[in-house]
Amino acid sequence: MTRRQSRFEKRKAKREEKRAAYLSQFDNFDIICDRNNLFEAANDAKKHVMWKGTVQRWSIEQLLYTEKLHRDLLAGKDVRKGFSRFTVCERGKVRHISAVKFYERVVQKCLCQRVLYPAYSKSLIYDNSASQKGKGVKFAIDRMVTALRRHYKRYGCEGYALLVDFKGYFENINHAELKRLYRLKLKDERIIKLTDNFIDAYGTKGLGLGSETSQMHAIFYPNEIDHAITEGCKDVVYGRYMDDSFIIAKDKATIVKALSILKWWADKLKIILSPKKTMIIKLKNGVKWLKTMFYLVKGKIIKKPCPKSIILERRRLKKQIAVFNRGEMSIFDITQSFESWAGSMKRRNARRTVYNMRRILRSISI
């Protein structure tokens, strides 16, 4: 072994030792069983849902429920209580929700806050934007703007973008691959068994919406893809929000290389790429990502809401007005719903769009 290889191996051993020492802080089942941690997790789980009867009953006897959870976990009992299944339509897309009972939600909250999030987040790339503290849709949109601005400074308006979308992402997450990934982080058999139980509750394949552990696993599952792209392709800008990703580069050959790497890792993780939404486009034609159109015009980035979202909001507003005319909805509820949408438009160049939509709202506010 050469001196250079010897130094590399020593640095690698130190990094592994440092990583193991960091993970050992959270790889302890007693952290989840701790009464104080369970109590705090219940307080966090109650936020914004205090109107529910189950949450109110929990609050009345929270100390007793916390003690019961503590003893059930120590005894190795199954804390799963089944699902409340329902369907919602979000921005024109039907989503099937499998919400866990509050008793189980408290354990999942404690597991995610005290173990999974600190164990996962250390290895996530900075531009992984979903379901993390200090990040979200606004952060992801800002990172896209930063990526386009940096690209313009180096290459101008010429360039390509690869938009990536995973088909049926949550429904197709492979349990065996997911278990392999978090076993690289966690060694405590009791934590692994508890996490396995939450995953196996959804059957042999996929994760359900409505569970915090599902969200945490979903942001971590393609982490190997994130590192393969950012470390294996030079001169590209990469970002991901859950199952939506973008790659920006100067030439098409670099984009094709990144796509081949992405496909290889997607096959390894058994993730299906959406043939309709995964595409290579020219930057000068605009980039559609997270319901926003980004245009790079002489160094200025213009953000516009995608036309489909405007159409859906206009239809929804007109339906609400029809319900109001029948006396089944108040003007306060309509205004509150509209202002929520208008607030999201403040992050985009959509002043005229919001003004025209307000004209429809004013027709009933007289």
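Predicted model: local features only at pLDDT ≥ 70, side-chain atom pairs only at ≥ 80, totals over all residues.
1. Positive patch. On the surface, a patch of positive charge is formed by Arg3, Arg4, Arg7, Arg11, Lys12 and Arg15. Of these residues, Arg3 belongs to helix H1, which covers residues 3-24. The relative accessible area of Arg3 is 68%, and Arg3 is therefore classed as exposed, the cut-off for that class being over 50%.

2. Overall dimensions and surface. The C-alpha trace of the chain extends over about 65 × 60 × 30 Å along its principal axes. The accessible surface amounts to about 20700 Å², and carbon and sulfur atoms account for 53% of that area.

3. Secondary structure and burial. The chain contains 15 helices and nine strands. It is 366 residues in length, and 45% of these residues count as buried.

4. Sequence separation of contacts. Where contacts in the chain link residues at least 6 apart in sequence, 69% of them join residues at least 24 apart. A particular pairing across the sequence, that of Asp27 with Leu186, is taken up in the next point.

5. Asp27. This residue is placed in the loop between H1 and helix H2, the latter comprising residues 29-33. Is Asp27 buried or exposed? Its relative accessible area is 17%; because the limit for burial is under 20%, Asp27 counts as buried. Asp27 and Leu186 are 159 residues apart along the chain, yet their C-alpha atoms are separated by 5.8 Å. When neighbours within four places in sequence are set aside, the contacts of Asp27 are with Leu186, Lys187, Asp188 and Ile191.

6. Ser214. Helix H10, spanning residues 212-220, holds Ser214. With a relative accessible area of 1%, Ser214 is buried, since this value falls under the 20% limit. Which residues does Ser214 touch, if those up to four places away in sequence are not counted? They are Phe170, Tyr202, Leu207 and Gly208.

7. Arg3, in helix H1, is exposed at 68% relative accessible area. Ser214, in helix H10, is buried at 1%.

Note on methods. Residues numbered from 1 in each chain as written. Heavy atoms only, no water. Helix = DSSP H or I, 4+ residues; strand = E, 2+ residues; numbered from the N terminus. Buried < 20%, exposed > 50% of the residue type's maximum accessible area, 1.4 Å probe, protein only. Contact = heavy atoms within 4.5 Å. Areas by Shrake-Rupley, 256 points an atom, 1.4 Å probe, with all protein chains shown as cover. Patch = residues over 30% accessible without salt bridge, like charges linked within 9 Å, V, L, I, M, F, W, Y side chains within 5 Å. Salt bridge = Lys/Arg side-chain N within 4 Å of Asp/Glu carboxyl O. Lys, Arg positive; Asp, Glu negative; His and termini not counted. Charge placed at Lys NZ, Arg CZ, Asp CG, Glu CD.
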